[in-house]
Amino acid sequence: MSQQIISKSAIDRAGNILAKEKFKTYEEWVAADKIFDDFRQAHLQPLTSTTIAIQNWFRSDNATYIIVQRLKRKPQILKKLRRLNTRLTQLQDIGGLRIVVDQNSDVDRLIEYITSKLKQQTSIMSAGPIAETGAIPVNS
């Protein structure tokens, strides 16, 4: 299985086709839908790696917390593209994680802890293909 690189302009075009429902043929819609889904899915691996890294940081901590991650669902992404009239590659909240703590006082402590950990290293993990090029590799 070879990898094909999908450019930022192709990703943005796919987002535009789906958000504005501007496709001429079924095949064009299918191609745009696949690019969109691949772009969204490409956010899962770095998000999961970041979540695991933060969980590993917290292993020695006795605080009670829950880390939750999510990818924004396709309908919500399309609504946001319509509402903001923006490009798909400009969205910054396709994936995210949340740390839920028992007490408000834990928030400040965790901010300090995460900040100090980030200062000790250059990154949580390797940036990956999206951050490096803006494009995504796709198995074909």
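Aspartate 37 is partly exposed, at a relative accessible area of 30%; on the scale used here, buried is under 20% relative accessible area, exposed is over 50%, and partly exposed is in between (1.4 Å probe, protein chains only). The model is a predicted one, where local features need pLDDT of at least 70, side-chain atom pairs count only at pLDDT 80 or more, and totals for chains, interfaces and linings use all residues. Residues are numbered from 1 along each chain as its sequence is written, and side-chain values use heavy atoms, with hydrogens and water left out.

Aspartate 37 has a charged partner in lysine 74, and the closest N and O atoms of this salt bridge are 3.0 Å apart. The term salt bridge stands for a side-chain nitrogen of Lys or Arg within 4 Å of a carboxyl oxygen of Asp or Glu. Helices (H or I, at least four residues) and strands (E, at least two) are DSSP runs, numbered from the N terminus. As for lysine 74, a relative accessible area of 21% makes this residue partly exposed.

Lysine 74 also meets the side chain of aspartate 33 in a salt bridge, at 2.1 Å from N to O. Here too the link joins distant parts of the chain: aspartate 33 sits in helix H2 (residues 26-41) and lysine 74 in helix H4 (residues 74-84), 41 residues apart. Aspartate 33 counts as buried because its relative accessibility is 16%. Put together, Asp33, Asp37 and Lys74 make up a network of salt bridges. In general, side chains of opposite charge can pair when their charged atoms come close.

The side chains of lysine 80 and aspartate 93 form a salt bridge, with 2.7 Å from N to O. Lysine 80 belongs to helix H4, while aspartate 93 is in the loop between H4 and strand E3 (95-101); the two are 13 residues apart, and the pair links distant parts of the chain. Lysine 80 is buried, at 15% relative accessibility, whereas aspartate 93 comes out as partly exposed at 22%. Over the whole structure, the search turns up seven salt bridges.

Next come the rings. Three aromatic pairs are found in a search of the whole structure. One of them joins phenylalanine 58 to tyrosine 65 in an edge-to-face arrangement, with 5.0 Å centre to centre and 75° between the planes. For such pairs, the ring centres of Phe, Tyr and Trp (its six-membered ring) must lie within 6.5 Å; planes under 30 degrees apart are called stacked, over 60 edge-to-face, and the rest tilted. Phenylalanine 58 counts as buried, at 1% relative accessibility, and tyrosine 65 is partly exposed at 23%. Phenylalanine 58 pairs with tyrosine 113 as well, this time tilted, at 5.7 Å centre to centre and 45° between the planes. That pair connects distant parts of the chain, from phenylalanine 58 in helix H3 (residues 44-58) to tyrosine 113 in helix H5 (residues 104-120), 55 residues apart. Tyrosine 113 is partly exposed, with 24% relative accessibility.

A nonpolar core is taken as a set of buried Ala, Val, Leu, Ile, Met, Phe, Trp, Tyr and Cys residues joined through side-chain atoms within 4.5 Å. The largest such core has 19 residues, and Phe36, Ile77, Leu81, Leu88 and Ile94 have the most contacts inside it. H1, H2 and H4 each bring at least two residues to this core, and H1 gives the largest share, six residues. A second, separate core of six residues has Ile54, Trp57, Leu110 and Ile114 among its members. Back in the largest core, isoleucine 94 is one of the residues with the most contacts. With contact meaning heavy atoms within 4.5 Å, and leaving aside residues up to four places away in sequence, isoleucine 94 touches Phe39, Arg40, His43, Arg70, Leu71, Lys72, Ile77 and Leu88.

Glutamate 21 is not a glycine, yet has a positive phi of about 50°. Glutamate 21 is placed in the loop between helix H1 (8-20) and H2, and is exposed at 58% relative accessible area. Asparagine 85 likewise shows a positive phi, near 50°, in a residue other than glycine. This asparagine lies in the loop between H4 and E3 and counts as exposed, at 57% relative accessibility.
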